[in-house]
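The following paragraphs lead the reader through selected features of a protein model. Please keep the sequence and the structure in view while reading.

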Amino acid sequence: MREKLLLGFLTLQNVSVASADVQFINFWRESDAFSASVFEDIYTTNGKRYAKQFARRYQRVKQLMSFYQDSGPCDSKIWSPNYELVEEKKYNRREAIAINIGNLAQMLANWMSSYACFTAADRGLGKRISVPKRSIKDIRRLTQIPAFQRIQNTYLISSDKMNYNEALAFCYLQGMYLANPAGNSNLLTSLSEALDQNEQYWFEGMNSCSTINHDGFIRTENCELNYNAVCQTERTEISTTTTEITPIEPSDVFILVIPWHVDESYLQSGDGSSQVSATINASDNRYAYDAAYALVNGKLHIFGGHTYKKIARLDDCTLNELTARLNEDREYGHAALSIENGKKALICFGSSGDIRKTCEIFDGSTTVSTFASDWTHRYGSLGLYKNQPTSVGCWSEEHQKAETLSASGWNSLPDHPKRISEHSLVGLENESMLLIGGYYYGNGGGSQSGIWQLKDENWNQIGELLQPERSGSAIYIGRSVYSFKAAIQRIDFTETEEFQKVEQIGNEPDGLWTYFPVLFQTVSNFCI
């Protein structure tokens, strides 16, 4: 009966059985079974709301079937199928729902690229052509729902006893954070069961300097007392069992840019189609002057600058100064980087003396000092290489030294080929790191246009900016790096993070002098 219905559908769509042999009947049969399993899991986990959304979007994607073509030329100026075989994936109940949703969406997108032919005769269909493509994007967005991402926790207990601040630093250097059950009774039980009898352990409770024991008894201690630290790692299956990401088109990207003068802030689109003023409130128009920035728990924070020890957070459209302060005066030349999956920020370096080597960690409420670097890195930036904080070069010492922060402190990396500073460092998902632009101090030096990559302990120049730049800022979104200075340039990469091309998508507003601007990915109407 099902075969008859399928054959009837093929007849209605004017598709022959012979032409449907290549990934048509069997492909969509498997896709339907995959989507039914996804629907069942979504409904069980989150009820009708998201299940109905998923079902509607999937049915819209199936409009692609009417554009099926498995060979020959496609009379189209807007879309050409590549006829590559699509890897057919199956539902895996052992995986997080988000992974299955992502795999299904990727499979549908690949089928569209391989077999959808929107011919000249189809142009009158108008919106029918864009509906499946947009619906695939909408399905992908469901992967971002926390309820669809199973979480696993692993604990590590320090072998030595230490004070509270040392415990915070110890956990960070293991690539973890001080255990935090966050009011979840199941997590609290699993944590306490991992502990030895008759011992108290530092963990992150409702109050600072909290300890816990095997029986789950919690108390607030003198922060200078010594206990073992219990660290926790949080891993979502979607980020560790698949290398696929949700593609983000430049047209869907919007970046808030806060320059030295807050009242000159603007919102830039990723495809260059729009640039509009944004209204950001602050107690001083020079609030972002020479500040470093990083995300902590999804919130934009700025550090130091015009007020040396300042820590401020962007709440809605207002920069609010926090009561927490930096440990060191960081007036300029410093850098900040999100660490521990965005739960904390590492802030390092500064303008002069030993401050150019110092580092501290901010967890959203307090700061704690950590290892100082071996070399000075004023305007040496911070980026992730092999998932570890890394810095390169120095403005004042004019060196080319690179080093990375591990659990035992800072370790040397291969020197950069040039004595460089005032560049941007950007970590990629393949654990390599980009160095973009900067200022070179050697013969024929000046502002640079090179795009360098540190990969497998080797530096290689992989591309060139269209306009040289120094003292800019960069942000990685989707598979593109957006670099802001006088020119706004987008560096595009393939899905496997191979360099593709550079495109200039705009210029800074007239009369604006941008110097290490603060960047924040947001939505199209943010604070306008």
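Trp 202 counts as buried, at 0% relative accessibility; buried means under 20% relative accessible area, exposed over 50% and partly exposed in between, with a 1.4 Å probe and protein chains only. The model is predicted, so local features need pLDDT of at least 70 and side-chain atom pairs count only at pLDDT 80 or more, whereas totals for chains, interfaces and linings use all residues. Residues are numbered from 1 along each chain as its sequence is written, and side-chain values use heavy atoms, with hydrogens and water left out.

The aromatic residues come next. The structure holds 24 aromatic pairs. Rings of Phe, Tyr and Trp (its six-membered ring) pair if their centres lie within 6.5 Å; planes under 30 degrees apart count as stacked, over 60 as edge-to-face and the rest as tilted. Phe 34 and Tyr 91 make an edge-to-face pair, with 6.0 Å centre to centre and 75° between the planes. Because Phe 34 lies in helix H2 (residues 25-46) and Tyr 91 in the loop between helix H3 (48-61) and helix H4 (97-115), this pair ties together parts that are 57 residues apart in sequence. Helices (H or I, at least four residues) and strands (E, at least two) are DSSP runs, numbered from the N terminus. Phe 34 is buried, at 2% relative accessible area, and Tyr 91 is buried at 18%.

Trp 202 also has an aromatic partner: Tyr 164 pairs with Trp 202 edge-to-face, at 5.4 Å centre to centre and 70° between the planes. Tyr 164 lies in helix H6 (residues 164-173) and Trp 202 in strand E3 (residues 201-203), so the pair ties together parts that are 38 residues apart in sequence. Tyr 164 is buried, with a relative accessible area of 7%. Elsewhere, Phe 24, Phe 27, Trp 28, Tyr 68, Trp 111 and Tyr 115 form one aromatic cluster.

Turning to the strands, E14 (residues 335-339) is mostly covered, with four of its five residues buried. Strand E14 pairs with strand E15 (residues 344-348) in the antiparallel sense over five bridges; two strands pair if DSSP finds at least two bridges between them. Ala 336 has Ile 347 of E15 as its bridge partner. The two strands E14 and E15 form a hairpin with four residues between them, and Glu 340 in the turn has a positive phi of about 55°.
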